[in-house]
Number of protein chains: 2
Amino acid sequence: MMHVPLTVGSMLEHAEKFFAKKQVISQTHDKLHHFNYGEIGQRTRRLMSVLDELGAKKGDRIGTLAWNHHRHLEVYFAAPGIGAVLHTINIRLAPEHIIYIINHAEDKILFIDEDILPLIEKIQGHLKTVEAFVVMTDKDEKPKSSLKPLYSYEELLHTGDPSYSFNTDIDENDPAGMCYTSATTGKPKSVIYSHRGIVLHSYALGLADSAAISESDVAMPVVPQFHVNAWGIPFACTWFGSTMVMPGPRFTPKRLAEFIERFNVTITAGVPTIWLGLLRELEQGNYNTSSLRAVLCGGSAAPLGLIKAFEQKYNIPFYHAYGATETTPLATVSRLKSYQQELTEDEKLEERSRQGILVPGLEMKIIGSDGEVAWNDEEMGELLLRGHWIADEYYKDDRSENAFVDGWFHTGDVVTVDEEGTIKIVDRTNDLIKSGGEWISSVDLENAIMAHEAVFEASVIAIPDAEWQERPVACVVLNEGFSENDMKDKILEFLRPQFAKFWLPDDVLFFDEIPKTSVGKFLKRQLREDVKAHYNLQS
Amino acid sequence: MMHVPLTVGSMLEHAEKFFAKKQVISQTHDKLHHFNYGEIGQRTRRLMSVLDELGAKKGDRIGTLAWNHHRHLEVYFAAPGIGAVLHTINIRLAPEHIIYIINHAEDKILFIDEDILPLIEKIQGHLKTVEAFVVMTDKDEKPKSSLKPLYSYEELLHTGDPSYSFNTDIDENDPAGMCYTSATTGKPKSVIYSHRGIVLHSYALGLADSAAISESDVAMPVVPQFHVNAWGIPFACTWFGSTMVMPGPRFTPKRLAEFIERFNVTITAGVPTIWLGLLRELEQGNYNTSSLRAVLCGGSAAPLGLIKAFEQKYNIPFYHAYGATETTPLATVSRLKSYQQELTEDEKLEERSRQGILVPGLEMKIIGSDGEVAWNDEEMGELLLRGHWIADEYYKDDRSENAFVDGWFHTGDVVTVDEEGTIKIVDRTNDLIKSGGEWISSVDLENAIMAHEAVFEASVIAIPDAEWQERPVACVVLNEGFSENDMKDKILEFLRPQFAKFWLPDDVLFFDEIPKTSVGKFLKRQLREDVKAHYNLQS
């Protein structure tokens with residue numbers, strides 16, 4: 001059998017040949033662009049020649065600080081296309097973390113959106129390896145900036161070679177991308193994505209039983225391109241010739257709803273926070289969302305009420321998926337098996353609110369206190385993953401040795417698994433609450449509380465307890481129109497029939513918002529501090 | 001990124017874990033079996049331990065002479081599962097070719113269906129490497145036979161170890177399977193399928209835009225398991241947890257129609273001859289075929305009339321695919337792109353009757369007399385393929401050097417390609433007709449003739465001509481109820497508006513049947529002899 005390397009560049013080449021007329025619709029700061037894959041291909045080739053001119057070599061890291069748009073997509077293919085490494089940087093991180101990341105990755109060139117220039121100008125003095133800054137702007141004039149040397153993306157492209165070739169001297173295990181993820185403690189840590197990993201992950205996204213990404217799709221990745229390559233969707237959509245809609249900088253729920261209607265979006269992907277926002281927008285406006293065949297939701301567990309609202313109120317199929325930065329990220333997708341169609345509507349919803357089963361190409365083990373847990377949906381254990389697009393280390397980071405052990409990635413997620421092999425995340429290893437020697441799942445409590453009509457968001461954390469070691473406390477944001485009066489009792493009353501008595505939170509606190517990470521997950525570390533302050537407990 | 005090898009065994013392991021309840025329904029000589037993937041997994045593990053006991057080592061070739069059923073499926077996974085090579089043998093070949101194949105592959109063990117025993121008994125004396133024969137029978141008693149040593153499959157399985165492990169010492173580039181294909185001249189020639197090639201090909205079969213094989217499918221591979229691994233469908237269906245229906249030995253169109261209705265078959269695959277037969281059966285009987293979402297047709301070009309009948313008369317979506325033994329086999333699938341939905345019904349049908357566009361993971365070149373042809377649907381050239389599941393040589397065979405050149409497989413198929421990248425096979429390099437210095441496509445003429453209501457099948461060949469070098473002659477089988485009277489003139493009249501005058505056949509001859517290869521393709525070599533005999537021409 002021929003051994004042809006699995007490369008990122010080959011995916012765009014396929015699109016150039018077979019989907020040259022299909023479009024990428026891209027919102028930037030100043031306007032809405034329409035490019036087809038033929039043009040994206042030529043622009044990417046120009047960009048590759050530009051990278052070459054700027055001195056980028058095989059293995060060099062090329063950083064991006066950018067929103068979701070066509071230029072970011074072009075860097076997605078141009079950097080790995082010359083054999084360099086696409087390094088997407090989370091623009092929402094604290095400046096000191098961004099400094100750390102750029103220096104740790106040793107980025108040689110940075111591609112920066114216009115509105116992010118001020119951030120980089122402030123930290124420029126700390127950047128040790130960057131040799132060139134490229135601003136991605138629509139304007140003819142290069143913006144004034146203290147960054148040096150600063151180039152304009154379009155001016156560079158103008159000088160580029162539209163017939164420049166993809167580097168053919170690439171081994172499929174060579175690095176193609178990298179992404180840093182926040183750690184519970186310490187600096188961000190990074191994984192490397194290989195060409196092989198990205199291509200195999202793209203196959204997985206095209207499978208009928210995962211995301212089924214197809215030429216006929218109009219795909220809008222809402223999850224940021226700086227977050228695990230927008231879940232790999234831009235790669236898969238390009239390869240399979242889907243129309244892509246890039247929502248651009250600082251989008252609002254209103255823009256998302258409008259784009260869905262205007263461009264007949266068929267599939268979109270993002271974290272629960274985004275969909276809570278979109279839901280509010282759909283309730284206020286009058287949008288036609290009938291084109292949507294799938295909303296993919298991951299990043300953190302979607303409350304049952306969210307799934308229900310999309311499916312039952314708006315008739316929008318809503319799919320729960322699970323993954324992590326270390327898993328490229330797609331690991332599981334929640335879909336009913338054919339024989340589960342016979343379940344009641346409630347049972348189906350319950351089943352679909354789980355994280356689902358493994359995508360073909362991955363293996364899992366769930367390790368409890370006594371080794372592998374039974375598939376009985378009761379025993380809890382940490383989820384371990386192995387497979388073609390699972391990282392095997394953190395890039396130049398000692399923390400690798402705790403997370404990657406004997407060929408398995410330890411996710412830090414605590415799950416149960418039912419006899420169908422469907423996993424359900426019950427907590428982070430760090431977020432489980434241990435009360436009187438028994439485990440309490442904060443996620444189970446959160447989901448139950450969020451099913452209450454008055455509740456917009458809820459997060460449950462442990463507070464220290466002299467008698468029980470730890471006790472759960474619920475932190476709740478109410479929906480508009482509901483008052484805190486009696487609400488604590490009402491919520492506890494609502495939970496009582498659903499849980500053992502010792503699971504019920506000792507208290508319900510009300511907040512205007514729950515602190516979140518830059519990718520929309522509950523920031524429990526911060527919340528714990530806030531709650532401790534509330535009780536005057538020592539940190 | 002972890003480097004986990006892509007192995008055939010891992011696909012069955014996935015099914016054992018996540019699709020243990022899903023079924024394989026299997027027709028054997030004596031009865032209809034129902035096994036689930038949990039049981040298939042255990043039986044395969046037993047079989048691996050049996051192979052081990054019988055002395056099969058890594059790299060050894062394990063031959064099968066069998067129809068489509070669950071036991072054959074088990075050998076599909078057990079042979080590569082221990083690191084050996086699954087060698088499926090075409091039972092329809094001439095005995096001298098079967099002898100050649102078994103000796104050339106150096107098969108160590110042969111798995112044989114009961115009704116094929118007599119064939120092997122006759123040639124046993126010529127087999128140089130076979131150490132054990134295993135008969136796949138439902139009967140308790142082992143059939144009487146001169147083969148020695150002869151084992152009974154179920155008796156062996158009874159002694160096997162149901163918890164035997166898949167060999168983990170497998171490199172993904174190790175051979176997993178092999179298949180011989182008939183050559184125009186000379187002995188059959190073989191290609192080797194690697195673990196990697198089979199797994200990546202299986203991903204391709206699961207893509208939404210190729211066969212979209214899914215857990216919710218009930219798949220009936222009609223194409224024989226001895227022909228390019230039944231197009232890889234048993235591997236993909238197992239991995240993705242589809243219900244499988246194996247139609248067993250010597251099936252009739254009636255059995256196929258009954259199985260489609262009885263088991264709610266959603267997808268099936270085979271050569272045009274099979275579908276012509278099924279069509280006749282559907283016309284005579286009264287079957288519910290509404291479960292079918294796809295009939296995949298490949299092996300040779302499907303006449304437009306066939307596609308039309310399935311789609312318009314029976315509302316069964318009919319997909320043209322193209323491949324070869326050397327391509328594992330899926331290379332192209334014919335589906336409309338989203339914007340082609342705007343074509344007229346006739347244009348759509350015409351487009352869908354083409355062979356389609358390349359499956360992601362492959363590359364093509366089309367080489368005419370002046371290098372790569374333009375994508376204008378006019379220039380003809382030979383199709384060259386490259387990619388993850390394309391063979392790179394014939395196994396121990398000098399003919400490799402003509403077919404595999406500079407990293408490309410030369411298919412021997414002459415195609416045109418339109419601006420969408422959709423190929424259309426116009427001939428075999430050997431079957432093109434050269435008349436007065438111009439090329440005439442025999443396939444174009446055949447398809448046009450087969451669109452005539454009176455015609456069941458048609459094959460067009462070249463006969464030598466003193467003036468024009470070669471001239472086309474049409475060989476036609478009429479549908480029942482049509483007479484040969486005037487039919488020559490009617491057919492030529494029918495063709496006249498569709499072709500340049502010099503394309504029109506010089507003669508139309510009527511046959512009771514067209515000679516075919518063992519896999520249902522027109523045997524033009526034989527037909528040329530028959531026609532020459534008819535005209536008293538020298539061979």
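**View 1. Salt bridges between chain B and chain A.** Six salt bridges are counted between chain B and chain A of this predicted model. A salt bridge here is a side-chain nitrogen of Lys or Arg within 4 Å of a carboxyl oxygen of Asp or Glu. Side chains of opposite charge can pair when their charged atoms come close.

**View 2. The surface that the two chains share.** Chain B brings 60 residues to the contact and chain A brings 60 residues, where contact means heavy atoms within 4.5 Å. About 4700 Å² is buried between chain B and chain A, with 61% of it on carbon and sulfur atoms. Buried area is the accessible area (1.4 Å probe) that two parts lose on being put together, summed over both. On the chain B side, B:Met1, B:Met2 and B:Phe18 lose the most area to chain A, together 20% of what that side buries. Because 100% of the interface residues of chain B are also interface residues in chain A, the copies meet through the same surface.

**View 3. How the copies are related.** Two copies of a chain are related by a rotation about an axis and a shift along it. Here, chain B is superposed on chain A by a rotation of 180° with 0.0 Å of shift along the axis (RMSD 0.1 Å). That is the relation of a two-fold axis.

View 4. Chain A is divided into domain 1 (8-251), domain 2 (361-428) and domain 3 (433-534), with bounds from an automatic or database domain assignment. The C-alpha centres of domain 2 of chain A and domain 3 of chain A lie 26 Å apart. Five residues of domain 2 of chain A are in contact with eight residues of domain 3 of chain A. Together these two domains bury about 420 Å², and carbon and sulfur atoms give 49% of this area. In domain 2 of chain A, the residues that lose the most area to domain 3 of chain A are A:Met380, A:Val426 and A:Asp427, together 77% of what that side buries. One salt bridge is found across this interface. Look too at A:Asp444 and A:Lys424, which form a salt bridge with closest N and O atoms 3.5 Å apart.

**View 5. A salt bridge within chain A.** A:Asp138 forms a salt bridge with A:Arg71, and their closest N and O atoms are 2.7 Å apart. This pair links distant parts of the chain, 67 residues apart. Over all chains, the count comes to 71 salt bridges.

**Notes for all views.** Residues are numbered from 1 along each chain as its sequence is written, while chains are lettered from A and ligands numbered from 1 in the order in which they are written. In this predicted model, local features need pLDDT of at least 70, side-chain atom pairs count only at pLDDT 80 or more, and totals for chains, interfaces and linings use all residues, while side-chain values use heavy atoms, leaving out hydrogens and water.

Definitions and conventions: Least-squares fit on C-alpha atoms with pLDDT ≥ 70 in both. Helix = DSSP H or I, 4+ residues; strand = E, 2+ residues; numbered from the N terminus.
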